[in-house]
Amino acid sequence: MSKLAALGGTVTVPTDRRHVPWPLVQDEDRKAVLDALDGARLVSDTDGVNPVSALEEGWARRFGFEHCVAVSNGTAALSLALAALGVGPGDEVIVPALSFIATGLAPVHQMAAPVFADIDPVTFNIDPDDVERRITARTKAIIPVHLHGAPADMDRITEIARKHGIAVIEDAAQAPGATHRGRPVGGIGDAGAFSLQVSKNIPTCGEGGLLVTRDAELAEAMRRGRQFGEVIEAGRERDYISYGLGWNHKMNALQAAFTIAQLDRYEEYERARQHNVTEFLARLAQLPGLRVPTALPDTTHAWHILRFRFDPAAFGLDGVRPEALRGTLRRLLRAEGVPMSQYQLMPLPDQKVFVDRAGFGSGYPWSVTGAPGTVAGEDYPVTRAVIADSLTLQKRHLHPGAGELLGLYADAFEKVWANRDMVATFAKAAS
Ligand SMILES: Cc1ncc(COP(=O)(O)O)c(C=O)c1O
């Protein structure tokens with residue numbers, strides 16, 4: 001048994017083999033951006049085809065969406081979708097208790113109150129039963145998040161939404177390319193929002209977002225919303241008339257051109273990623289007390305983030321607090337060169353912005369809806385358990401050539417598990 005790096009043994013992942021860049025910037029990307037710069041169509045409101053409209057068409061064609069509207073980022077995409085669907089003051093929007101903060105902020109940007117629902121312990125996505133429990137007369141929309149790239153239970157969610165007459169906006173920021181029963185996520189609900197932020201599976205060189213929908217009228221409302229409420233039509237001179245409330249949520253041509261070039265290589269990258277991640281997870285699945293992320297039957301997982309849960313009892317550490325085991329494993333794996341990290345330190349409702357009911361003016365939207373305020377530490381037992389007993393791997397596995405590195409990561413996990421007595425000593429002391 002080899003000695004743990006934390007105790008002076010050899011480090012499993014040598015420093016010079018740790019660096020895997022993401023995004024992967026190649027000559028095609030550089031050329032695309034420079035061509036766009038020389039192309040004189042730098043914004044989306046220019047007449048005719050421009051890189052922004054080309055990205056919208058390319059994205060829709062690649063994944064099978066009917067309408068696609070490019071915007072400045074994924075948060076703006078969520079806000080615009082809510083606005084286009086008529087969600088506003090006095091409304092409630094149900095969102096998962098585990099997500100990136102933007103999912104909870106977007107309703108507040110429309111002066112609607114987010115209402116948090118607990119998650120499923122396996123997919124880490126919103127629990128449809130808890131959604132149903134939290135529906136009130138004020139509920140106007142549900143935002144299921146396909147967290148980490150795993151599709152949410154869209155059958156149940158769309159059924160609940162239909163029954164109660166409420167809208168579904170998919171937060172697919174982390175899940176381009178993921179499918180649920182053969183359908184691309186983002187295209188199942190009324191609207192879907194993607195992020196192209198630089199760390200995402202299909203990135204831009206900075207910030208960007210995309211909205212998709214089957215509904216032509218909704219797409220038009222989103223287009224007006226991103227452009228000051230104006231109607232921009234090919235062949236018609238811009239009239240500068242604002243037909244409704246709008247924002248400036250436009251994407252620029254350089255960001256669009258970069259993503260078009262990345263989209264051309266997406267299939268090749270995705271194939272490699274599926275292969276690398278599947279092999280890696282198959283090795284880790286052999287280790288007792290370690291629960292690896294899985295793709296449910298009839299779904300494709302985009303593997304944006306890999307979340308691992310640790311079970312003290314199955315590890316032979318009955319009575320040890322999950323946080324103590326998680327903290328110990330984090331230290332030992334990081335010492336071996338595996339960059340294990342926590343993704344989300346608390347349930348969304350515990351975020352200070354929501355506990356304080358921060359908003360606009362005299363406490364809007366909270367004072368309008370009288371929506372259940374959140375109290376730190378209250379409720380959401382599954383979300384709390386997942387945060388307490390899990391760690392994540394981010395970004396390193398996205399590179400198509402990451403297979404070898406993931407092999408070293410697996411060696412490191414196996415080494416730490418071979419030293420389980422030592423892990424037990426540390427975890428018991430921490431507990
Ligand atoms: C689940 C989720 N929703 C929304 C967003 C917001 O996207 P953006 O950063 O492009 O605004 C992100 C970004 O990380 C995300 O992960």
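Predicted model: local features only at pLDDT ≥ 70, side-chain atom pairs only at ≥ 80, totals over all residues.

Trainee: Why is Arg134 called buried?

Mentor: Buried means under 20% relative accessible area, exposed means over 50%, and partly exposed lies in between (1.4 Å probe, protein chains only). Arg134 has a relative accessible area of 17%, so it counts as buried.

Trainee: Where is the place of Arg134?

Mentor: Arg134 is in the loop between helix 5 (128–133) and strand 4 (139–142). Helices (H or I, at least four residues) and strands (E, at least two) are DSSP runs, numbered from the N terminus.

Trainee: What makes the link between the side chains of Arg134 and Asp379 a polar contact?

Mentor: A polar contact is a pair of N or O atoms within 3.5 Å; within protein, one must be able to donate a hydrogen and the other to accept it, and residues adjacent in sequence count only if both atoms are side-chain atoms. The two side chains make theirs at 3.0 Å. Leaving aside neighbours within four places in sequence, Arg134 is also in contact (heavy atoms within 4.5 Å) with residues including Ile94, Val115, Phe116 and Tyr380.

Trainee: How do you know that Asp155 forms a salt bridge with Arg181?

Mentor: A salt bridge is a side-chain nitrogen of Lys or Arg within 4 Å of a carboxyl oxygen of Asp or Glu. For Asp155 and Arg181, the closest N and O atoms are 2.4 Å apart, so the pair qualifies. The pair links distant parts of the chain, 26 residues apart: Asp155 is in helix 6 (residues 154–164), and Arg181 is in the loop between strand 6 (179–180) and strand 7 (183–184).

Trainee: Why do Asp155 and Arg181 count as partly exposed?

Mentor: Asp155 has 33% relative accessibility, so it is partly exposed. Arg181 is partly exposed too, because its relative accessible area is 48%.

Trainee: How many salt bridges does the structure hold?

Mentor: The structure holds 29 salt bridges. Arg236 forms one with Glu233, at 3.0 Å between the closest N and O atoms, and Asp239 meets Arg236 in another at 3.1 Å. Glu56, Glu220, Arg223 and Arg226 are linked in a network of salt bridges.

Trainee: What makes strand 12 and strand 13 partners?

Mentor: Two strands pair if DSSP finds at least two bridges between them. Five bridges join strand 12 to strand 13, so they pair, and they run antiparallel. Phe308 stands opposite Leu391 in strand 13.

Trainee: Why are strand 10 and strand 13 said to stand at the edges?

Mentor: Three strands form an open sheet in the order 10-12-13, with antiparallel pairing. Strand 10 (290–291) and strand 13 each have a single partner strand, so one side of each is left without a neighbour in the sheet. Strand 10 and strand 12 pair over two bridges, and the bridge partner of Leu290 is Phe310 in strand 12.

Trainee: In what order do the strands of the seven-strand sheet come?

Mentor: Those seven strands form an open sheet in the order 1-9-8-5-4-2-3, and the pairing is mixed. The edge strands are strand 1 (67–71) and strand 3 (113–117), each pairing on one side only.

Trainee: What makes a set of residues a nonpolar core?

Mentor: A nonpolar core is a set of buried Ala, Val, Leu, Ile, Met, Phe, Trp, Tyr and Cys residues joined through side-chain atoms within 4.5 Å. The largest one here has 38 residues, and among the members that touch the most others are Phe280, Phe308 and Trp417. Helix 13 (403–418) is one of the elements giving two or more residues to this core, and its share, nine residues, is the largest. Apart from this core lies another of 30 residues, among them Ala77, Leu80, Ala193 and Met222.

Definitions and conventions: Residues numbered from 1 in each chain as written. Heavy atoms only, no water.
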